[in-house]
Amino acid sequence: MKLTINDIGGVVVKSNDTYEVKDNTQLNNLVISSTLLHPGKQTTGHTHPGQEEVYYFVSGKGLMKIEEAYWPVFPGDIMLIEDGEFHQVINEGDEDMYFVCVFDGKRTHK
């Protein structure tokens, strides 16, 4: 199947004043998820013991916290989350921040 970075398909799984999250679960083992994170907001942050994750930043600017380190992120940046690392995204800009991530579909959040 073919998708575009701006429309990954799937369904909205969270929508509130912080963000809108869509998950595409068409594959057996991986999920592709998109997040539209509103200005001045941040994700809750979490870990996935035993699992890795890849983030691709499409628009907006902000910070990605991995463990205790903060990384500036901009369109085109890719962040690799290693097994079990705490991670969180913070929108420091004045526009929506849009990013896509790929992860193991059998994961749990902690």
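This is a predicted model: local features need pLDDT of at least 70, side-chain atom pairs count only at pLDDT 80 or more; totals for chains, interfaces and linings use all residues.
User: How many salt bridges does the structure hold?

Analyst: Side chains of opposite charge can pair when their charged atoms come close. Among such pairs here are Lys 22 with Asp 7 and Lys 41 with Asp 17. The number of salt bridges in the structure is 2.

User: How far apart in sequence are the parts that Lys 22 and Asp 7 tie together?

Analyst: The closest N and O atoms of Lys 22 and Asp 7 are 3.3 Å apart, and the two residues form a salt bridge. Lys 22 belongs to strand β2 (residues 19–24), whereas Asp 7 sits in the segment before β1 (11–15), so the parts tied together are separated in sequence by 15 residues.

User: Is Lys 22 buried or exposed?

Analyst: A residue counts as buried under 20% relative accessible area. The relative accessible area of Lys 22 is 19%, so Lys 22 is buried. Its partner in the salt bridge is Asp 7, which at 44% is partly exposed. For Lys 22, the class is therefore buried.

User: Which residue forms a salt bridge with Lys 41, and where does that residue lie?

Analyst: The closest N and O atoms of this salt bridge are 3.8 Å apart, and the partner of Lys 41 is Asp 17. Lys 41 is in the loop between β3 (30–37) and β4, so its pairing ties together parts that are 24 residues apart in sequence. Lys 41 is partly exposed at 29% relative accessibility, while Asp 17 is exposed at 58%. The partner is Asp 17, in the loop between β1 and β2.

User: Which elements give two or more residues to the nonpolar patch?

Analyst: The patch on the surface has about 910 Å² of accessible area together, and its residues include Met 1, Leu 3, Ile 5 and Val 102. Two or more residues come from each of β4 (53–59) and β7 (78–81).

User: In which strand does Val 102 lie, and what is its relative accessible area?

Analyst: Val 102 is one of the residues of the nonpolar patch. Its strand is β9 (residues 97–104). Val 102 is partly exposed because its relative accessible area is 34%.

User: What is the phi of Glu 67?

Analyst: Most residues other than glycine have a negative phi. Glu 67 is found in the loop between β5 (62–66) and β6 (69–73), and it is partly exposed at 36% relative accessibility. Although Glu 67 is not a glycine, its phi is positive, at about 55°.

Terms used:
Residues are numbered from 1 along each chain as its sequence is written. Side-chain values use heavy atoms; hydrogens and water are left out. Helices (H or I, at least four residues) and strands (E, at least two) are DSSP runs, numbered from the N terminus. Buried means under 20% relative accessible area, exposed over 50%, partly exposed in between (1.4 Å probe, protein chains only). Patches are made of residues with over 30% relative accessible area and no salt bridge: like charges are joined within 9 Å, nonpolar side chains (Val, Leu, Ile, Met, Phe, Trp, Tyr) within 5 Å. Accessible areas come from the Shrake-Rupley method with a 1.4 Å probe; for residues, only the protein chains shown count as cover. A salt bridge is a side-chain nitrogen of Lys or Arg within 4 Å of a carboxyl oxygen of Asp or Glu.
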